[in-house]
Structures are given as C-alpha cells and as structure tokens.
Amino acid sequence: MPTDDEQAALNDRTMESASFIHQFELGPWSNFIYFVGDTATRSCAVVDPAWHAPTILQEAERLDVTISHILCTHSHFDHINRVEELLQSIDVPVHMLGLEVNFSGFSCENLVQHAPGDTLPIGAHTELTFVHTPGHTPGSVCYRLPGSLVTGDTLFVNGCGRCDFVGGDPEVMYQTLQRLRGALPRETRLYPGHNYGATRTTSLGEQVRDNPYLQHATLEDFVAHRMQGKVPNTPLPAAPDWSP
Ligand SMILES: [Fe+2]
C-alpha cells in the first residue's frame, strides 16, 4: 500500500499524461477535494471545494494550475461550503446537476445546471461526463474521464454513501451501484469523496471483489445492510467550525 507521500507523488506524476487528477484531503470529515484538468493548458476543475478556500487556492498555486470550473458531486455542505468564498477570488462557472439544484435549493453566482450525460471540456484535451448516480441524494453525479471516475459520496473504498439522510434512497443506490458495476471496465480508477478506506483510490475490479456493498445478491439484502441502525430521512448534522 502506498504511503501518503508516495500517493501524492503518484498523483503528481499523472500530470505527465493528457489529463490529471490531483487529490488532497481537507476538513474534519476526511473529505477529498480534486483538481481534474488538462495537462497541456494546466486548466482544471476543482471538485467539491469545501472547508477552507485559502488551502484550495494555495494548492492550485503550488501545482501551477488554473481553476477554470467548480464541479459539485452533490449539495451536502461538506462538499460545497467554500463555493461562495472561492467565487470571491475566481470568476468561474459552478456546475451541478439540475435535479440536485431542485432537491437542495442550492444557488450561487455563475450556477450552471446540467442534465445526466452532459459533457464538459476542460482545457484542450480533457472532457468530463456527468454520470447521474442517485441514491445518496437525488441528483448526485460522478464525473467520468477516460479510465477514471470521481465518485463523490456514491462509492467509497469498500463503502458507499449513506442513504438515510434526507433525499437518500437505498433502493435507488442499489440500482446505481449495479449500473456502475455493469457499465465500467474493471480497471477504471475510482476517486472517492472521503478518505474512509484503507487506500485513497481503488479500481472497480477491487471494489467488485472487496466492497461489501457490491456483494449483496438481492436488493432486499443491500437495503437491510445499508439501513442497518439508520433512520430514514435523517437531517444532516450541523456543520462544525473547522480551520486547518
Ligand atoms: Fe454527502
């Protein structure tokens, strides 16, 4: 298993190919924030900017990349609570699925609402696809690049997003996970929204083998496991005060 330093080096090495995905952890709940971008132009999208805007801007400066888009996998505050603050420094579009905007009432300057299957070019050689993955929330998306998927709170390393929060639906999550499993090559690299697993990224093949939420034979078994000890329609907890 790579150490954090080795993983960071690995992430930086991906800058040498046409597209890059740079992962870093921020906040009290082990959120992963991503820069997904185009190596040639060093233009990137920041995915799920939360918790501390100066750290995000400093990381972009350190890597010498320019943030040209803000992407939201979903509307939970631990993924979007620094969008407004970032917009005070960078004037870029903010992308979210229209279904998630309708569900959450999220609004901000420069908001662009998307439909499932939409694509978004980043720089000259990178294109993302909005893959609708409901279950954690109604309008959750994963962002797909060739060979990679940024999964938000849909799929974690050996876990999946909770379905008991308001807007969650375990039956829908089961269908979403089955669809991803059937649609993507096993070597697809998965980039989760939280650092909840033993590794910071994984492959779909590893998850099909190891993730307990991909082992259930029936919908009923999945729902029973996912909702064990949970109460449907639980409100999100209040955001804690946090600074690095
Ligand atoms: Fe979430």
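I call a crossover right-handed if, with the strands pointing away from the viewer, the path from the first strand over the helix to the second runs clockwise. Helices (H or I, at least four residues) and strands (E, at least two) are DSSP runs, numbered from the N terminus.

The model is predicted, so I kept to its rules: local features need pLDDT of at least 70, side-chain atom pairs count only at pLDDT 80 or more, and totals for chains, interfaces and linings use all residues. Residue numbers start from 1 along each chain as its sequence is written.

**Entry: the β-α-β unit.** I followed E5 through helix H5 (residues 98-104) to E6 and found a right-handed β-α-β unit. Strands E5 (residues 94-97) and E6 (residues 111-114) run parallel, joined by 4 bridges; strands pair if DSSP finds at least two bridges between them. I noted Leu111 in E6 as the bridge partner of Val94.

**Entry: the open sheet.** Next I looked up a sheet of 6 strands, open and mixed in pairing, in the order E7-E8-E9-E10-E13-E14. E7 (119-122) and E14 (202-203) are at its edges with a single partner strand each, so one side of each has no neighbour in the sheet. E7 runs antiparallel to E8 (residues 126-132), with 4 bridges joining them. Here Pro121 stands opposite Glu127 in E8.

**Entry: H6 and H8.** Which residues of H6 meet H8? I found Pro170, Glu171, Met173 and Tyr174 meeting Leu219, Phe222, Val223 and Arg226 in H8 (contact means C-beta atoms, placed from the backbone, within 7 Å). The residues of this contact divide into 6 nonpolar, no polar and 2 charged, where Ala, Val, Leu, Ile, Met, Phe, Trp, Tyr, Cys and Pro count as nonpolar, Asp, Glu, Lys and Arg as charged, and the others, Gly among them, as polar.

Technical notes:
Two residues are in contact if their C-beta atoms, placed from the backbone, lie within 7 Å.
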